[in-house]
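Here's a quick briefing to read with the model open beside you.

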Amino acid sequence: MNIAVAGTGYVGLSLAVLLSQKHSVTLVDIVPEKVKLVNARTSPIRDELIEKYLKEKGLLLSATLDAKEAYSGADYVIAAVPTNYDPEKNYFDTTAVEAVIKEVAGCSDAVLVIKSTVPVGYTQQIRERTGCDRVIFSPEFLREGHALYDNLYPSRIIVGTDLENEELKEAAKTFASLLAECAIAKDVPTLLMGSTEAEAVKLFSNTYLAMRVAYFNELDTYAAVKGLNTKQIISGVCLDPRIGDHYNNPSFGYGGYCLPKDTKQLKANFDGVPNDLIKAIVSSNHTRKDFIADEVVKRLEESGKPLCDCVVGIYRLTMKSGSDNFRSSAILGIIRRLKQRGVQLLICEPTLKDASFMDCHVENNVSEFIRKSDVILANRITPSLQSASAKIFTRDLFERD
């Protein structure tokens, strides 16, 4: 099978590595440096397993800037390009997806699989609007930094198609089998459903995860205000097997590329549909950032120094271990709130090469960073901060994501 993948982010690159174990895969990107890195068997993103597979496995993988060449010989083209949320339109920006669809339609009879997250109803609409009926949707359920692992050991495989179209149903079944045969996990639960239902699965899944983060963050806020021990409460709550002892570590808010935009998109999809919970999940994240910023300011005021003379160190913009991505990271919202209060900010983020970020100085010498900071905000504790325990402000109780 010949497969082309548009996009070298976590979704595209992990799928390309997965499928190229057994099939010929061509990655397509518009950034020459990324194409060169992949062809040199070097990962353009941070994911230990992807890096390992690129170096050690005999993958049938190449990368190119020539989309037409890649698509024209493909049996399947996977669109794994960004769909950022546009707050003015209350809608994902699907321009990049539509560019791939247009290119494929112009040069190939390949089945196009949308792996980018899209609004509910998008795939059916795009089939009707463009007349390109060989389009299906398959949601991804990956963690940044562990994307290949989650493809090798998937919780489930879901492919959405036109259930009235036998040819497209077969194409969806074949794509599901491609994912399953390249995984290490066996007997992976596989669901074939309508494309609109599959789109809803993706948005509702991520919104549930955001809700869980928001729930434990609000539990933590309550405990902090009331002077209670958050860790004891969470431990007691999570011994209930229906709740479970996972995804329960308080944080500065949910962030990353997916959860903020997917919750907002689902909220927009609820337009005209009665709801309270979905919109509350979005607003809860703003409330949490307000609370964190207020708590930091209180701590600074207790020192007796004027706020304008205080330096708050921001330790890492990335919010997860093993990730180099800080798009829509919760800490960015807290930085904006603290800047509005006149606090000086110092950032320690090894992935940054510039001397400043968001008009804040960057200091990546950890010793100097600790010395210069009055208070250090750390969403997650790491061994490198052990010497600065008295300065650290964190809500990390379990020292894990």
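The second largest pocket has a volume of about 390 Å³. Everything here comes from a predicted model, where local features need pLDDT of at least 70, side-chain atom pairs count only at pLDDT 80 or more, and totals for chains, interfaces and linings use all residues. Residues are numbered from 1 along each chain as its sequence is written, and side-chain values use heavy atoms, with hydrogens and water left out.

**The second largest pocket**

- A pocket here is an open set of points on a 1 Å grid over the protein atoms alone, where a 1.4 Å probe fits, with protein on both sides within 12 Å along at least five of seven lines.
- Its volume is the space filled by probe spheres set on the points, with grid points joined across faces, edges and corners.
- The lining (residues with an atom within 4 Å of a point) runs to 21 residues, and Pro 260, Lys 261, Lys 264, Lys 289 and Ser 328 lie nearest the centre.
- Helices α11, α12 (277–302) and α13 (330–340) each give the lining at least two residues; helices (H or I, at least four residues) and strands (E, at least two) are DSSP runs, numbered from the N terminus.
- By type, the lining splits into seven nonpolar, eight polar and six charged residues.

- Five of the five residues of β9 (residues 157–161) are buried, so the strand is largely enclosed by the rest of the structure; buried means under 20% relative accessible area, exposed over 50%, and partly exposed in between (1.4 Å probe, protein chains only).
- In a regular strand the side chains alternate between the two faces of the sheet.
- Ile 157, Val 159 and Thr 161 point one way from β9, while Ile 158 and Gly 160 point the other way.
- β9 runs parallel to β10 (residues 190–194), and five bridges join them; two strands pair if DSSP finds at least two bridges between them.
- Across that pairing, Ile 158 stands opposite Leu 191 in β10.
- Together with helix α8 (residues 166–182), β9 and β10 make a right-handed β-α-β unit, right-handed meaning that, with the strands pointing away from the viewer, the path from the first strand over the helix to the second runs clockwise.

**Salt bridges**

- The count comes to 20 salt bridges, each being a side-chain nitrogen of Lys or Arg within 4 Å of a carboxyl oxygen of Asp or Glu.
- Asp 150 pairs with Arg 143, their closest N and O atoms 2.9 Å apart; Asp 150 is buried at 11% relative accessible area, whereas Arg 143 is partly exposed at 41%.
- Asp 240 and Arg 242 meet at 2.8 Å, N to O, and Arg 242 is exposed at 76%.
- Arg 400 and Asp 245 form a salt bridge at 3.9 Å, N to O.
- That pair links distant parts of the chain, 155 residues apart: Arg 400 sits in the segment after β16 (392–393), and Asp 245 in the loop between α10 (230–238) and α11 (259–269).

**Positive phi**

- Asn 90 has phi near 55° and lies in the loop between β5 (85–86) and β6 (91–92).
- Asp 359 has phi near 60°, sits in the loop between β13 (356–357) and β14 (360–362), and is exposed at 76% relative accessible area.

Terms used:
Ala, Val, Leu, Ile, Met, Phe, Trp, Tyr, Cys and Pro count as nonpolar, Asp, Glu, Lys and Arg as charged, and the others, Gly among them, as polar.
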